[in-house]
Amino acid sequence: MTEPVLETRGLHKAFGALTATEDVSITLRPGEIHAIIGPNGAGKSTLIAQIGGVLVPDAGSVHLGGRDVTGLAPQARARAGLARTFQISQLAMEDTVLQNAVLGALGASGRPWRFLRPALKDAGLRATAEAALEQVGLVDHAATRTAELSHGQRRQLEVAVALTLRPRCFVMDEPMAGLGTEGTARMTGFLDALRQTAPILLVEHDMDAVFALADRISVLVYGRVIASGTVEEIRRDPAVREAYLGDAA
């Protein structure tokens, strides 16, 4: 079996008497989309925060490309190839599309910086940024102020910024949030193609998108994985239907 690109082993996190994640072990393999689903309060955000390095687990570990990265800060994990996109945009709205992408390339390089303008003149950084924008279909909008983009285009720009990291994998937190029917359809097609660049760990509430995209689904309820399998296995699982899917199955 192919070695996982990303793996969690027995992640546990509690806040006082509240257990947010309990013994969570998941894997992400090359070329796949692994979706994490579950009701509000299931622990999905806490799990993603531990994978990204924002929260330190009480027990368990996170591995990227076979390397234990549990002790690494978020920036170090990003440079190691863990690319995150967020439910709430982290983009610099007053900067241009190209400026955001160059900032991503600069962060990926690990080089210190004080002013953006000199970085924009760096041929290597600019080439990396423009290549990422080309891949997501935004190169023609390079000079556009980010605040002027549509919601879906901002999602694409977030992916472009992540691409400047030359990622081993993507961790995406509700990329469909705020998109209408047409936007969701476009984003679904976009992510389906993106898995060929790097596998995607996808946290998402839009079950139509999850069922269309996921190779595997893990269901998180009260901090525990109650089921993990293919779309059809999850659809048929009576515990999953009772805890979360209901009529959506």
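In which strand does aspartate 23 lie? Select residues 18-28: that is strand β2, and aspartate 23 lies in it. Helices (H or I, at least four residues) and strands (E, at least two) are DSSP runs here, numbered from the N terminus. While you are there, check the backbone: aspartate 23 has a positive phi of about 55 degrees although it is not a glycine.

A word on ground rules. This is a predicted model, where local features need pLDDT of at least 70 and side-chain atom pairs count only at pLDDT 80 or more, while totals for chains, interfaces and linings use all residues. Residues are numbered from 1 along each chain as its sequence is written, and side-chain values use heavy atoms, with hydrogens and water left out.

**Stop one: the four-stranded sheet**

You get an open sheet of four strands in the order β2-β1-β4-β5, with antiparallel pairing; two strands pair if DSSP finds at least two bridges between them. β2 and β5 (67-68) stand at the edges with a single partner strand each, so one side of each has no neighbour in the sheet. Next, pick strand β1 (residues 6-15), which is joined to β2 by seven antiparallel bridges.

Contact means heavy atoms within 4.5 Å; axes are lines fitted to C-alpha atoms, for helices over the stretch in contact, and angles run from 0 to 180 degrees between N-to-C directions.

**Stop two: the six-stranded sheet**

Keep α1 (residues 44-52) selected, as the helix also lies across β3, β6, β7 (169-173), β8 and β9 (216-221), running at about 150 degrees to β8. Helix α6 (residues 151-163) packs on the sheet too, touching β6 and β7, at about 150 degrees to the direction of β7.

What is the strand order of this open sheet of six strands? Reading across, the order is β6-β7-β8-β3-β9-β10, with mixed pairing. β6 (82-85) and β10 (224-229) are at the edges, each with a single partner strand, so one side of each is left without a neighbour in the sheet. Neighbouring strands are turned by 20 degrees against each other on average, direction ignored.

Zoom in on strand β3 (residues 33-37) and strand β8 (residues 200-203), which pair in the parallel sense over four bridges. Histidine 34 has leucine 201 of β8 as its bridge partner.

**Stop three: α5 against α6**

Show both helices. They pack at an angle of about 140 degrees, with their axes 8 Å apart. α5 and α6 are therefore oblique to each other (angles under 35 degrees count as roughly parallel, over 145 as roughly antiparallel, 65 to 115 as roughly perpendicular and the rest as oblique).

**Last stop: two single residues**

Arginine 126 lies in helix α5 (residues 123-136). At 34% relative accessibility, arginine 126 counts as partly exposed (buried means under 20% relative accessible area, exposed over 50%, partly exposed in between, with a 1.4 Å probe and protein chains only).

Finish at glutamate 174, in the loop between β7 and α7 (181-194). Glutamate 174 counts as buried at 12% relative accessibility, and its phi is near 50 degrees, a positive value in a residue other than glycine.
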